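This report was prepared for a reader who wishes to examine the geometry of a protein model alongside its coordinates. Please consult the sequence and the structure below before reading on.

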There are 2 protein chains.
Amino acid sequence: MENDPDGPPAMRVTAAKLQARLGQLPEFDGGVDVTTNDIPALMAARIAGANVLLACRKLNIREAKAASEALAWTQVITAGVETYLPDLPADVKLTNASGVHAEKGAEFILTSVLMLNYRIPQFVADKDDRRWRPSFGGTVEGKVVTLLGVGGIGRAAVPLLLARGVTAPVSECLSVADLDMVLPRTDILVSTLPLTAETAGLVDRRRLAALPSGAGIVVVGRAGVFDYAALSDGLRSGDLGGAVLDVFTEEPLPPDSALWTCPRLVITPHCSLDDHTSYIDRCLDVFCDNVSRFRAGVRLLNLVDPARGY
Amino acid sequence: MENDPDGPPAMRVTAAKLQARLGQLPEFDGGVDVTTNDIPALMAARIAGANVLLACRKLNIREAKAASEALAWTQVITAGVETYLPDLPADVKLTNASGVHAEKGAEFILTSVLMLNYRIPQFVADKDDRRWRPSFGGTVEGKVVTLLGVGGIGRAAVPLLLARGVTAPVSECLSVADLDMVLPRTDILVSTLPLTAETAGLVDRRRLAALPSGAGIVVVGRAGVFDYAALSDGLRSGDLGGAVLDVFTEEPLPPDSALWTCPRLVITPHCSLDDHTSYIDRCLDVFCDNVSRFRAGVRLLNLVDPARGY
């Protein structure tokens with residue numbers, strides 16, 4: 001198990017904790033050999049002989065495989081895996097943390113959709129200008145929320161949105177042609193999409209322009225799915241009513257980014273899906289379940305398909 | 001029926017609309033005499049002989065009674081009635097629009113509570129400073145939301161908050177002593193309280209200081225219940241984590257108000273409860289129901305108790 005020495009303490013897994021969690025599995029009676037490593041330079045020495053790698057930091061799986069020929073499976077603690085895929089050996093399975101973010105991610109999507117319906121980004125901009133401009137719109141009931149991406153987070157958001165009376169919030173398998181049809185009647189567009197060859201640049205300037213005037217945008221998946229320059233232009237002109245962005249192509253967002261001064265834009269610093277109060281425990285739930293599956297030789301949960309990219 | 005000539009068109013009731021709505025009541029077969037007036041100076045002439053007044057603008061009920069000795073009941077379209085009470089003759093019943101705001105008000109309270117849990121006011125302040133400071137807190141589940149005021153809006157908010165797993169969101173009859181006990185464990189304090197002799201200044205500097213560090217505040221009732229100067233001090237120092245304020249002692253908030261530059265404060269311009277897409281229709285629901293009750297001589301809905309002030 002590889003920890004990130006620069007990461008927050010809440011995101012590290014101690015040897016004792018991992019041993020205790022694995023020890024609860026009925027098929028182990030204390031007989032699992034656990035090695036943890038907090039010093040990236042020592043990975044090659046520490047990993048030798050390991051069958052399974054739990055990666056709590058960004059690392060190169062090809063290098064891990066070179067250090068341990070027996071390595072057959074790597075569990076990571078992120079949902080997005082685009083940084084791992086270029087160096088994934090064909091004979092190493094990769095599983096991600098999809099679903100671990102689901103509860104907080106779904107509630108954050110609800111929060112963002114409600115904020116956009118209640119024009120919070122506009123009122124924040126009006127406050128900067130000391131402008132008192134009420135708007136007396138209705139509740140979110142009947143509004144059209146189009147949800148791009150139906151992984152763990154997107155699926156978990158659906159019942160929360162339906163409970164508020166939102167219309168047609170999601171398309172299970174929205175083709176690009178479907179997307180072009182649904183954009184003109186979308187009040188709020190929410191993306192949980194991963195970054196893959198198919199999704200990169202999907203919501204470009206032309207598609208943003210196809211949204212009705214005053215539409216809102218929520219991005220909690222990957223930023224590269226959108227043209228943020230076009231999105232920013234839409235917010236500045238007021239064609240877009242507001243946006244809540246949790247993800248950016250460069251993070252932390254550089255101090256000289258024009259997004260910091262973009263009106264009608266709420267920036268949350270890539271934290272709206274990760275709940276450090278429970279995150280690692282939930283990752284260990286997935287990992288321990290997968291350890292049992294790995295031993296039993298059955299299909300792992302959250303198995304990434306390298307061809308799809310998620 | 002008195003309209004407000006300066007109000008938005010969506011908030012006016014035409015004679016035809018009122019006649020049509022009253023005509024649907026089974027006990028009238030077209031036999032109700034409706035007079036509407038859009039010119040305040042003409043009220044005295046137009047109201048002569050009326051038993052019932054539907055007031056869609058702020059007016060002096062004592063003057064109306066002087067113009068029509070038969071006036072026995074006035075229905076207003078606001079929930080707060082503090083501006084009507086000083087000039088309410090003892091023999092004129094007053095009914096308000098409590099409950100008409102309930103659906104939107106409840107959803108806006110949910111929105112505000114979620115925004116505070118997800119630290120949106122802090123992230124808005126960080127954006128002004130171009131600061132990237134993630135915080136990885138949990139969902140709102142288990143947080144303590146204390147709801148002051150359990151009229152139509154407060155009651156409607158309870159199930160929405162409970163559905164998100166909030167703890168102890170409301171006290172049906174919170175005494176001042178209870179309030180002092182509950183403040184130190186309150187994560188988010190929400191007020192829908194009307195302004196009365198009992199509530200004026202209730203949440204003063206001392207009570208705000210009793211909240212735990214980082215607590216949030218939502219005010220959608222009346223501003224005079226709070227000490228906004230103390231609230232603003234708490235936001236500036238960071239003792240309070242954030243606030244969403246929809247109401248102010250002076251509205252529109254004057255351009256020189258220090259609240260415009262107060263960090264961690266989201267200002268919504270007294271519009272978060274009023275839904276102009278449905279507001280007047282719902283007021284007419286209450287009014288028509290009350291017309292039937294008035295004719296039948298039974299207790300009116302939303303009857304204001306002048307001694308309580310709501």
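Predicted model: local features only at pLDDT ≥ 70, side-chain atom pairs only at ≥ 80, totals over all residues.

In chain A, five strands in the order S4-S5-S6-S7-S8 make up an open sheet whose pairing is parallel. Its edges are strand S4 (145-148) and strand S8 (265-267) of chain A, each of which pairs on one side only. From one strand to the next, the twist averages 10°.

Helix H9 (residues 228-237) of chain A lies across strand S6 (215-219), strand S7 (240-245) and S8 of chain A, and its direction is at about 135° to S7(A).

## The sheet of chain B

Chain B also holds an open sheet of five strands, with the order S4-S5-S6-S7-S8 and parallel pairing. Strand S4 (145-148) and strand S8 (265-267) of chain B are the edge strands, pairing on one side only. Here the twist from one strand to the next averages 10°.

Five bridges connect strand S6 (residues 215-219) of chain B with strand S7 (residues 240-245) of chain B, again in the parallel sense. Among the residues involved, Ala215(B) has Leu240(B) of S7(B) as its bridge partner. Helix H4 (residues 102-117) of chain B packs on the sheet and touches S4, strand S5 (188-191), S6, S7 and S8 of chain B. The direction of H4(B) makes about 155° with that of S7(B).

## The interface between the chains

Contact between the two chains involves 52 residues of chain A and 52 residues of chain B. Together, chain A and chain B bury about 4,600 Å², of which 67% is on carbon and sulfur atoms.

Two salt bridges are found across the interface of chain A and chain B. One pairs the side chains of Arg164(A) and Glu107(B), with an N to O distance of 2.8 Å. The interface of chain A and chain B also has 16 residue pairs in polar contact, with both residues at pLDDT 80 or more. On the side of chain A that touches chain B, helix H4 (102-117), helix H5 (120-128) and S8 of chain A each supply at least two residues. The most comes from H4(A), which gives nine residues. By class, the residues on this side of chain A comprise 25 nonpolar, 13 polar and 14 charged.

## Salt bridges within the model

Over all chains, the structure holds 30 salt bridges. One of them joins Arg57(A) to Glu2(A), whose closest N and O atoms are 2.8 Å apart. This pair links distant parts of the chain, 55 residues apart. Arg57(A) is in the loop between strand S1 (52-55) and helix H3 (61-67) of chain A, whereas Glu2(A) is in the segment before helix H1 (15-23) of chain A.

## Backbone details

A cis peptide bond runs from Glu251(A) to Pro252(A), with omega near -10°. Pro252(A) is located in the loop between S7 and S8 of chain A. In chain B, the peptide bond joining Glu251(B) and Pro252(B) is cis, and omega is about -10°. Pro252(B) occupies the loop between S7 and S8 of chain B.

Arg130(A), a residue other than glycine, has a positive phi near 55°. Arg130(A) is placed in the loop between H5 and S4 of chain A.

Definitions and conventions
Residues numbered from 1 in each chain as written. Chains lettered and ligands numbered in written order. Heavy atoms only, no water. Pairing = 2+ DSSP bridges. Helix = DSSP H or I, 4+ residues; strand = E, 2+ residues; numbered from the N terminus. Axes fitted to C-alpha atoms, helices over the stretch in contact; angles between N-to-C directions. Contact = heavy atoms within 4.5 Å. Buried area = accessible area lost by both parts, 1.4 Å probe. Salt bridge = Lys/Arg side-chain N within 4 Å of Asp/Glu carboxyl O. Polar contact = N/O pair within 3.5 Å; in protein donor to acceptor, adjacent residues only side chain to side chain. Nonpolar A, V, L, I, M, F, W, Y, C, P; charged D, E, K, R; others polar.
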